[in-house]
There are 2 protein chains.
Amino acid sequence: MARKVSRRGGNIVTIHDVARHVGVSPMTVSRVINGEKNVREETRKKVAEAIEALNYSPNMAARSLASQDSSRIALIYSNPSMSFLSELLLGILHQSSQSGCQLIIESCEGPEGVADVLDKLKSLGVDGVVLPPPLSDSTRVAKALREMGLPFVGVATSRPSPDAASVSIDDFKAAFAMTQRLIALGHRRIGFIKGHPNSYYSQLRHEGYIAALTKAGLTPEDKLVGQGYFTYRSGFDAAESLLMRDERPTALFASNDDMAAGAVASAHRLGLDVPKDVTIVGFDDTSMASSVWPELTTVRQPISDMASLGLKMLLEQIRTRRSGQPYAPVHEIRDFAIIERQSSSPPGEDATD
Amino acid sequence: MARKVSRRGGNIVTIHDVARHVGVSPMTVSRVINGEKNVREETRKKVAEAIEALNYSPNMAARSLASQDSSRIALIYSNPSMSFLSELLLGILHQSSQSGCQLIIESCEGPEGVADVLDKLKSLGVDGVVLPPPLSDSTRVAKALREMGLPFVGVATSRPSPDAASVSIDDFKAAFAMTQRLIALGHRRIGFIKGHPNSYYSQLRHEGYIAALTKAGLTPEDKLVGQGYFTYRSGFDAAESLLMRDERPTALFASNDDMAAGAVASAHRLGLDVPKDVTIVGFDDTSMASSVWPELTTVRQPISDMASLGLKMLLEQIRTRRSGQPYAPVHEIRDFAIIERQSSSPPGEDATD
DNA sequence: CAGGCGAGTGATAGCGCTACCATTCACAGA
DNA sequence: TCTGTGAATGGTAGCGCTATCACTCGCCTG
C-alpha cells in the first residue's frame, strides 16, 4: 500500500492540506473556520477560497475532541404528535450536526417515567436537556431539572419558566391573527372550539380569538364557543352542536388540527360543504391538516427553526455556565404563519375562486 | 485552578482511569469496550466492573477520530409522511449514536431535486445513504447512487434492488394476514381500496388481499375493489362508490391509513356507523390511524427497528467495502403487526363487545 | 529612540481513543 | 531442548483539530 487511502473514498482533506495550499499555518485556517477575529481580511479570503477549492469539510470528531466542547444533549419527549416530533428532530439534528454535539433521544411515558429518564440522564452525564411540549410546560420537570443543576430549554412552550430559556410562538397573537383573517374574509359569526382545559395554550388561543372579535367590534358569544379536548372526536362533537344551531356560524376556528379535522367530518355528516357552507380552520399545521380533504387552513409554528434555535441557546447556556459566568435565561418568540389551504373562503363561496 | 475540571460536570472518566483502577493497560480496556476477543474472561469481567463502578462512558469523538471509522451517513427523503419520518429518525438516531456515525439529513423535492442532493452528498464526502420510501423504490436514485459508487440501503422498500441492501416487511403477507383477520371476524364481502398504481406495494397489497380471499374459498370480485391514490380524498371517493352498491361490503380494507380515514368519513356521510355497519381497516399505522375516530385497525411496520437495522447494515457494508472485500447485499424482512383498534368488528356488531 | 502594545500569525502540545506492532508466556511438536 | 505458535497484554504513535503561548511586526507614546 503506497499511501494511506482511507475512509470517505480517499477524500481526506485536512486542515493541513488547506494550510499548505494557501501557505499559512493550520492554526490560521482553524481561525478562519471558526470565524475568529484577528485574521487579516486578505488571509481570510484566501483560506476561504482554498477551502472551497479543496472541498474541505472539518472533521467533527477531531474538532470536538480538541475543543473539549462536546456536549451531550438529551431530548426527552412524551407522546407529542409524531409530525411535531419529526419536525423537531429535523431542526435539532440540523443544529447538532453544526454544533457537533451528541444527541440522546429519550421517550418517557407517564409521570413516573420522567423520574426514571432523568435518573438515566444523570448517569449518562448529560449536559443539557431540550424539552418539547407537553414536558416543556411541566413545572414538575422544570423543578427536577433545576434541582439536578441541569440546564434546559423549552421549545414551543406556552408557559415558559421565568428562570429557564425558551423558544415559542405567541399563541395569543396567532389566534388573534387567524381570527382577524376570518373576519377579513367576511365572516361575522365565527365559532370557536376550545382545547383541553388543562392546557395553558388552550386558554391563550381562546383569548386571542376573543380579543380579535372584540377589536373588530363583534360581540363574543358563549354559544359560539364549544369545549374540545384536542382530539378529533371532541372536535367532531363540538362542531356538531355548533353547526346544528339555527343561526349556525359561517366559520369555525378549532384550537388544533385534529379537532378541525373532526369538525370537517361533522360538517360533512350534516351535509354541509367545506368551505362553501362553512369555513373551518385549525391550529398547528400537523400532518393531519394536509391529509384531510379539504386540506386545512391553519396556523403554522416554525417548529424546526424553534428547535434549532433552542438547541443553540442551550449550548450557549452550557458554555456560559462552564465559564462560571451567570446565565440570564432568554425567551425567544418566533413568528408563526397562517397557511391558507382549501378549508377557508369568504362566507357562501368556494375557496377556489 | 487546582485540577482540570471540564465538561460534563467534572465527569471526565477516561479509559485511563478505568485502566488504572483495574491495573491493566488502556488498550485492554479498549478491547473490552469493543468486545474484541483475546481478552481473558477474568480480565474482561474486572474491567466491566470498573467501568460500571466509575460510571465510565466512552468519548465518541475520540473514538471515531482514532478509529478513522467515522462514517458520514446521509438520510435523504422526499415528502414521506411526517409520522413515518419521525419514527425513522428515532431509529436512525438511536443506531447512529451507538455506532458513532455522523448523520446528515437532506430533503429533496421533485425529481431534479434528487440530482442536486446527490451532488451535495458527493461534495460532503458522504459514505453511505439511507433511503426511505418513496426514494427507496426509485430505480433512478438507485442507479445514480450506484454510479457514484455510494453504498446505500433501502428501508421499507417494496421493490428492493437486488444488488443493494434493504430492510422491509412483506407487504403481500401483511395484506394477506389482515384480510384473513377480517375473514376470521366473519366478514365475507370485503372491499378493497387500491393504492396509487405507480407504486409497487399497491400491487403487493392487492395481491395479498386476493390471495387471502381465494385461500378462504371466497371469490375475489372486481366490483368490490376501488382505485385509490393513497390520498384521503381518493379513499373517500372510492369508499363512497363501494358503499353505495346494493350489496355493500361489510368490511373495507384500504391500502393505507389516509384512504382508510377518508373511507370512514365517507361512511359517516352515508349515515353508516363504523364499525357497526361497516368495518374499515388501513395500512401503515401512521398518526392518522390513531387520530381519527374511531381509531383505525391497521397494519404496523416496525419502522424504527427497520431504520436502525438498516443503518447497521449500511455501516457494515461500508466497513466491508473499505476492507476491500466483496459485499453481498442483504435483504432483511421484519415482522409486521396487526393493530386492532375501534374501526373493526364482526359484521353487524359494535367493536366494543 | 526605548519601551509598550496589540494585531496577526506560527509552533507545540495535547484531547481520548485505537491501529499496529512488540512482548510475554504457555504449551505443542520436532 | 529448541523452536513455533497463538493467546493475552502492553507500548507507541498518531487520528484532525484547537488552546495556549510565543513570536514578529508596525505603530504609538513619552
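Author: Buried means under 20% relative accessible area, and exposed means over 50%. This is a predicted model.

Reader: Which residues of α3(A) are buried?

Author: T43(A), V47(A), A50(A) and I51(A) are. Each therefore falls under the 20% cut-off.

Reader: How do you know on which side of α3(A) they lie?

Author: They cover an arc of only 100° around the axis, so they share the same side of α3(A). On the other side, E41(A), K45(A), E52(A) and A53(A) are exposed. Those four therefore exceed 50%.

Reader: What do the buried residues pack against?

Author: They pack against α1 (15-22) and α2 (26-33) of chain A.

Reader: How do you know what helix α3 of chain A should span?

Author: Residues 41-54 make 14 residues. The expected span is 1.5 Å times one less than that number. That gives 20 Å, and the end C-alpha atoms are 20 Å apart, so the two agree. N55(A) follows α3(A), with a positive phi near 60°.

Reader: Which helix gives the most to the surface near DNA strand D?

Author: α4(A) does, with four residues. The surface divides into twelve nonpolar, eleven polar and six charged residues.

Methods
Residues numbered from 1 in each chain as written. Chains lettered and ligands numbered in written order. Predicted model: local features only at pLDDT ≥ 70, side-chain atom pairs only at ≥ 80, totals over all residues. Heavy atoms only, no water. Helix = DSSP H or I, 4+ residues; strand = E, 2+ residues; numbered from the N terminus. Buried < 20%, exposed > 50% of the residue type's maximum accessible area, 1.4 Å probe, protein only. Arc of directions from axis to C-beta. Contact = heavy atoms within 4.5 Å. Nonpolar A, V, L, I, M, F, W, Y, C, P; charged D, E, K, R; others polar.
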